Amino acid sequence: MLAGVEVLRTLNDLNVETEAPLEVVVWTNEEGSRFPPCMMGSGVFAEKFTLADTLAKVDADGVSVGDALNAIGYAGTRSVSGHKVGAYFEAHIEQGPILEDEDKTIGVVLGALGQKWFDLKLRGVEAHAGPTPMHLRKDALVGAAAVVAAVNAAALAHQPHACGTVGCLQAYPGSRNVIPGEVRMTLDFRHLEPARLDSMIAQVRQVIEDTCAKHGLSFDMQPTADFPPLYFDKGCVEAVRDAANGLGLSNMDIVSGAGHDAIFVAELGPAGMIFVPCEGGISHNEIENAAPDDLAAGCAVLLRAMVAASAAIASGQLAA
């Protein structure tokens, strides 16, 4: 958001009038950490989710999105969808280590990995940890351990661009002397190729079925998110690359492994993204950091790309 504001301030300070109007947008709940799914605001904007269903989503404490927005005075009154998009650019830290490892300042984002998320429950039988012999147990956590290993193995077997993660895992009842009777866990699969993404999931599901049969468990696997792989508009990608080259900034093509609002907005009009390095590739961590010079470089590329896109829209060379 600050990069977009800086672009507008710079253009205003220099009395530059663009050929098409520029706007800055701040999306609600890109990460989906408290209220799933992620990219919530842009999803409603792009009509991927309905406003009513989204406002009704609740967090772990039962608080709805609508109530949370009202509580902080951010509910708003304007229509969420139907706003025309001539072109869209999003500047972001990479959230990974590639740019830093390659010693590049700018990542020219070609597209984003497809993502499929699942909630998985494994059910066994709670029993006393002492009197119950190992061969007669129905330990849900033993089954979960096999699933974690399977997710990792599937991602390694489907390189390049494959990622597999178990980000949450809770064992119940959570007592040191009770064999876990239920495990709840999340599965996150990502790939640039749809067929390879589905292949990863099929491989893990087979392990789940085999593991449950072996250990006397049952399971329930529910999809919670499905974002297909995306390639950004070639004109927007070239605008970012030309801007970086024009500023003499080292750059490279890169694919986003994370979800971004640009993915949904790209369904409404041409879109592109700009990445800058983050220290150690660390993100979603309180030690996340990016060098001021890299952030400034990203802002400069954003400004040039937006001005170029404005001219292209006005001339009809870039159109939704």
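In the predicted model, Val240 touches Phe89, Val108, Met273, Ile274, Val301 and Ala305 when residues up to four places away in sequence are not counted; contact here means heavy atoms within 4.5 Å. The model is predicted, so that local features need pLDDT of at least 70 and side-chain atom pairs count only at pLDDT 80 or more, whereas totals for chains, interfaces and linings use all residues. Residues are numbered from 1 along each chain as its sequence is written, and side-chain values use heavy atoms, with hydrogens and water left out.

Val240 also belongs to the largest nonpolar core, which has 51 residues. A nonpolar core is a set of buried Ala, Val, Leu, Ile, Met, Phe, Trp, Tyr and Cys residues joined through side-chain atoms within 4.5 Å. Buried means under 20% relative accessible area, exposed means over 50%, and partly exposed lies in between (1.4 Å probe, protein chains only). The members that touch the most other members are Tyr88, Phe89, Ile106, Phe232, Val240, Val301 and Leu302. Helix α10 (residues 292-315) gives the most to this core, contributing eight residues. A second, separate core comprises 22 residues, among them Ala144, Met185, Cys212 and Leu217.

The chain contains ten helices and twelve strands, defined as DSSP runs numbered from the N terminus (helices H or I, at least four residues; strands E, at least two). Of its 320 residues, 42% count as buried. The C-alpha atoms fill a box of roughly 80 × 45 × 35 Å along the principal axes. Among contacts between residues at least 6 apart in sequence, 77% join residues at least 24 apart.

Asp220 and Asp119 are 101 residues apart in sequence, yet their C-alpha atoms are 8.1 Å apart in space. Apart from neighbours within four places in sequence, Asp220 is in contact with Asp119, Leu120, Lys121 and Arg123.

The cysteines were also examined. A search of the whole structure finds zero disulfides, a disulfide being a pair of cysteine sulfur atoms within 2.5 Å. For Cys163, the nearest cysteine sulfur is that of Cys278, 14 Å away. Cys163 counts as partly exposed because its relative accessibility is 35%. For Cys168, the nearest cysteine sulfur is that of Cys38, 13 Å away. With a relative accessibility of 36%, Cys168 likewise counts as partly exposed.
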